[in-house]
Amino acid sequence: MGKNYLCHIVCALLLVSCTSSGKYDSFTPGRTWEDTDGVHINAHGGGILYHDGKYYWYGEHKSENTSSALVGVNVYSSEDLYNWKKEGVALSVMPEGSGHKIEKGCIIERPKVVYNRKTDKFVMWFHLELKGMGYSAAEYGVAVSDSPEGPFEFLYAQRSCPGIWPVNMTEEEISAAKAITQADLDSDRRHDYVVAGAWLARDIEGGQMSRDMTVFVDDDGTAYHIFASEENQTLHVARLTDDYLYHDGVYARVLPGKSNEAPAIFKKDGVYWMITSGCTGWSPNPARLSCATDIMGEWTSYPNPCSGPDAEITFGAQSTFVLPVHGKKDCWIFMADIWTPDRPIDARYVWLPVTFGEDGVPELVWRDSWSLDDMYAR
Ligand code: GAL
């Protein structure tokens with residue numbers, strides 16, 4: 001076979017699999033996903049903002065050998081969701097030795113960016129662990145920018161709502177939580193005491209732990225920070241101030257003692273759906289699904305929404321975000337990460353359409369390859 005002939009076949013194949021505007025015209029969950037420079041996208045634990053005709057994908061920059069932040073939060077942009085251009089580093093770590101809260105070598109995870117109409121600012125929330133302290137700091141961080149590409153300016157990082165009790169605990173429940181002793185925690189009813197708020201009461205003064213997280217902007221513009229708290233045993237939903245820069249002091253405990261993390265939320269027909277994982281570190285576990293008509297709860301649990309190969313371990317991945325597809329009614333993409341702790345930079349992405357069963361309950365069905373046109377041609 002002549003060289004020219006081979007070349008023609010390759011070109012024809014390329015034409016079939018590519019659109020004129022970019023390399024990709026479909027999603028291939030779990031495969032390497034190159035940006036427009038041909039480099040595997042480096043935006044893990046990410047979230048997506050749609051603004052002025054473009055999607056912006058923010059995520060953790062990961063290195064070859066460590067999951068610690070050596071660079072910061074990357075941002076990519078796309079108009080079609082398949083082809084992503086690296087815009088650069090949206091939030092940069094501070095120099096080593098600076099003693100800054102986001103000093104190089106800290107841990108920055110699960111960044112999410114929202115746009116605030118009132119202030120015309122882009123606000124980034126993220127999980128922060130201080131350098132050299134493992135996962136013990138359990139803080140959230142906030143940064144702000146005038147443009148979606150950044151640079152974002154770090155504002156502050158802290159634990160959540162010091163001195164404030166959740167709105168969904170009665171005076172009696174608060175008194176009972178305050179009265180929990182070490183002996184209670186050493187007893188075989190330990191889990192009951194965790195559910196009753198043992199860690200909440202322990203942390204009331206310094207503030208609540210804040211790890212895996214997302215931010216959700218509701219239809220009325222009110223934003224909420226949803227995060228794993230209380231030693232990852234209980235989620236907290238904290239309402240934000242109008243400028244999205246702070247907690248406003250109103251928060252609720254959600255699914256107490258059920259150890260959910262990696263929260264991702266969307267809303268359909270007035271109902272909030274939340275996908276989470278269990279707490280097994282970098283190893284995948286079954287996805288969980290919960291639903292509520294009030295974001296502050298009560299939340300009701302549903303079975304694992306996944307089906308297909310490896311459905312019992314969320315296809316090897318862990319939830320990070322549910323992306324509403326702009327301009328398409330009731331179209332959401334479930335986004336998850338396949339972690340590769342031995343080579344963090346190689347972690348892969350699983351993007352799947354959220355479909356709905358006859359009962360209206362969300363489903364995540366594995367697909368080797370899919371496109372928005374296949375799914376949402378209507
Ligand atoms: C996962 C969590 C990740 C990261 C990891 C560290 O459970 O979802 O964001 O914190 O643990 O082990």
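In this predicted model, Leu372 is classed as buried because its relative accessibility is 8%, below the 20% limit used for that class. Leu372 belongs to helix α6, which spans residues 372-376. Its C-alpha atom is 8.3 Å from that of Pro353, a residue 19 positions away along the chain.

In soluble globular proteins, nonpolar side chains tend to be buried together. The largest nonpolar core here consists of 43 residues. Trp57, Leu81, Trp84, Ile333 and Trp351 have the most contacts inside this core. At least two core residues come from each of the strands β2 (54-60), β13 (261-268), β14 (271-277), β15 (288-292), β18 (318-324), β19 (332-338) and β20 (348-356). A further core, apart from the largest one, contains 24 residues, including Val114, Met169, Ala238 and Leu245.

Leu81 also stands out in its backbone geometry. Most residues other than glycine have a negative phi, and most peptide bonds are trans. Leu81 is not a glycine, yet its phi is positive, at about 75°. The residue is located in the loop between β3 (72-78) and β4 (85-92). With a relative accessibility of 1%, Leu81 counts as buried. A positive phi, of about 50°, is also found at Asp52, again a residue that is not a glycine. Asp52 is part of the loop between β1 and β2. In contrast to the buried Leu81, Asp52 is exposed, with a relative accessibility of 71%.

Two cis peptide bonds are described next. One links Gly150 to Pro151, with omega at about 0°. Pro151 sits in the loop between β7 (139-145) and β8 (153-158). Another cis bond runs from Gly297 to Glu298, where omega is near 5°. Glu298 is placed in the loop between β15 and β16 (300-302).

In the side chain of Glu109, an N or O atom is 2.7 Å from an oxygen atom of the ligand. For Glu261, the distance between a polar side-chain atom and a ligand oxygen atom is 2.3 Å. At Gly281, a polar backbone atom is 3.1 Å from an oxygen atom of the ligand. On its own the ligand has 310 Å² of accessible area, and the protein covers 88% of this area.

A further polar contact lies within the protein. The side chain of His40 reaches the backbone nitrogen of Trp33 at a distance of 3.0 Å. His40 is in the loop between α1 (3-17) and β1 (44-51). Its relative accessibility of 14% means that His40 counts as buried.

The cysteines were examined for disulfide bonds, and the count is zero. For Cys331, the closest cysteine sulfur is that of Cys306, at 19 Å, so the separation is too far for a bond; a disulfide requires two cysteine sulfur atoms within 2.5 Å. Cys331 is buried, at a relative accessible area of 3%. Cys106 is buried as well, with a relative accessibility of 0%.

Methods:
Residues are numbered from 1 along each chain as its sequence is written. This is a predicted model: local features need pLDDT of at least 70, side-chain atom pairs count only at pLDDT 80 or more; totals for chains, interfaces and linings use all residues. Side-chain values use heavy atoms; hydrogens and water are left out. A nonpolar core is a set of buried Ala, Val, Leu, Ile, Met, Phe, Trp, Tyr and Cys residues joined through side-chain atoms within 4.5 Å. Buried means under 20% relative accessible area, exposed over 50%, partly exposed in between (1.4 Å probe, protein chains only). Helices (H or I, at least four residues) and strands (E, at least two) are DSSP runs, numbered from the N terminus. A polar contact is a pair of N or O atoms within 3.5 Å; within protein, one must be able to donate a hydrogen and the other to accept it, and residues adjacent in sequence count only if both atoms are side-chain atoms. Accessible areas come from the Shrake-Rupley method with a 1.4 Å probe; for residues, only the protein chains shown count as cover.
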